[in-house]
Amino acid sequence: MLSPFLAYLLSVVVLCRIARSQYSSDQCSWRGSGLTHEGHTRDVEQVYLRCAQGFLEWLYPTGAIIVNLRPNTLSPAASLLSVCIKPSKESSGTHIYLDRLGKLRLLLREEDQAEGRVHCFSIQDGALFIEAVPQRDISRKITAFQYELVNHRPGADPQSLSAPCQPCTDAEVLLAVCTSDFVARGNILGVAEEDDQTSVTVSLSRLYRQKTQVFVSGGGRAKRWTGFVKMPSQCGVKPGEGEFLFTGTVRFGEAWLSCAPRYKDFLRVYQDAQQRGTNPCHLDTD
């Protein structure tokens with residue numbers, strides 16, 4: 001039987017652990033240490049992240065952690081979200097699995113993380129089960145990655161950052177103008193292939209909106225912006241004459257193309273919708 005003092009200490013420890021768990025459930029990011037598992041290498045800790053984006057850093061990994069990624073608001077659309085993670089190129093010391101109802105599916109081996117490539121999966125595929133690789137020296141091991149919750153265009157691959165290659169419908173173009181992370185008017189300067197993606201260099205005469213500064217101003221009296229937009233290599237984009245309306249999302253600091261009609265075609269669609277009073281939002285086309 002525990003003494004009153006030991007019983008009190010035990011209750012304090014339990015309350016502290018509960019408080020710490022509740023506190024971490026509201027965090028966008030988590031930083032922890034496997035040294036808290038030292039001597040208990042089979043411990044599994046639950047981590048709750050409830051933001052659209054953030055990061056995780058696990059120093060000196062031992063045992064395992066389960067990372068539950070969820071949006072901070074509940075809605076039927078939440079089940080359609082994808083989770084994308086981008087490991088640090090220095091990330092090591094663990095294997096990363098998807099844990100759905102206790103069944104594990106390998107997502108990233110330790111050696112895969114050093115590539116620093118983005119990996120996406122449906123939010124319904126489960127939580128991340130991050131298991132430390134047994135080793136004698138954990139002093140230089142850190143598992144680290146950024147994450148983002150992605151709301152895909154219908155028909156998009158949940159394992160990809162990018163939208164499908166088929167052209168957007170008129171309704172999708174008008175909606176993209178309202179909801180995209182960036183909206184801009186400009187020209188394609190060049191196209192370069194990079195592994196399994198294409199990087200398109202653009203010059204913009206009008207920048208309506210950008211979530212973060214993925215496009216930079218060139219200065220001068222004739223103000224223009226330059227930057228890069230990404231898309232899958234299978235889309236087969238080529239440099240073309242004429243102006244386009246570029247829309248898309250910003251993921252891990254990179255612009256990914258969504259709808260990109262020729263500007264004259266967009267203008268026709270926009271003006272027709274304006275006359276019918278069906279435009280979901282306003283864009284200054286003057």
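How many disulfides does the structure hold? I found four, taking a disulfide as a pair of cysteine sulfur atoms within 2.5 Å. Before going further I noted that this is a predicted model, in which local features need pLDDT of at least 70 and side-chain atom pairs count only at pLDDT 80 or more, while totals for chains, interfaces and linings use all residues. I also noted that residues are numbered from 1 along each chain as its sequence is written, and that side-chain values use heavy atoms, with hydrogens and water left out.

**Entry 1: the chain as a whole**

I looked up the secondary structure and found four helices and 16 strands in the chain; helices (H or I, at least four residues) and strands (E, at least two) are DSSP runs, numbered from the N terminus. I then checked burial, and 42% of the 286 residues count as buried, where buried means under 20% relative accessible area, exposed over 50%, and partly exposed in between (1.4 Å probe, protein chains only). The accessible surface comes to about 16500 Å², and carbon and sulfur atoms hold 52% of that surface; the areas come from the Shrake-Rupley method with a 1.4 Å probe. Among the contacts with a separation of 6 or more, 65% are between residues 24 or more positions apart, a contact being heavy atoms within 4.5 Å.

**Entry 2: the disulfides, one by one**

I began with Cys-28 and Cys-51, whose sulfur atoms are 1.9 Å apart, and whose link is left-handed with -60° about the S-S bond. This pair links distant parts of the chain, since Cys-28 lies in the loop between helix H1 (4-24) and E1, and Cys-51 lies in the loop between E2 and E3, 23 residues apart. Is Cys-51 buried or exposed? Cys-51 counts as buried because its relative accessibility is 10%, whereas Cys-28, at 34%, counts as partly exposed.

Next I looked at the disulfide that joins Cys-168 to Cys-259, with an S to S distance of 1.9 Å. The torsion about its S-S bond is about -95°, so this disulfide is left-handed. Cys-168 sits in the loop between E10 and helix H3 (170-179), and Cys-259 in the loop between strand E16 (254-257) and helix H4 (263-276), 91 residues apart. Both Cys-168 and Cys-259 are buried.

I then turned to Cys-178 and Cys-281, which form a disulfide with sulfur atoms 2.1 Å apart and a left-handed link of -100° about the S-S bond. Cys-178 is in helix H3 and Cys-281 in the segment after H4, 103 residues apart, and here too the pair links distant parts of the chain. Cys-178 counts as partly exposed because its relative accessibility is 26%, and Cys-281 counts as partly exposed at 24%.

**Entry 3: an open sheet**

In what order do the five strands of the open sheet run? I read the order as E1-E3-E10-E5-E8, with mixed pairing, two strands counting as paired if DSSP finds at least two bridges between them. The edge strands, each pairing on one side only, are strand E1 (30-33) and strand E8 (119-122). E5 and E10 run antiparallel and are joined by six bridges, and Cys-84 stands opposite Glu-148 in E10.

**Entry 4: Lys-238**

Where is Lys-238 placed? I found Lys-238 in the loop between strand E14 (225-232) and strand E15 (244-251). Lys-238 counts as exposed because its relative accessible area is 66%. Leaving aside neighbours within four places in sequence, Lys-238 is in contact with Ile-188 and Val-191.
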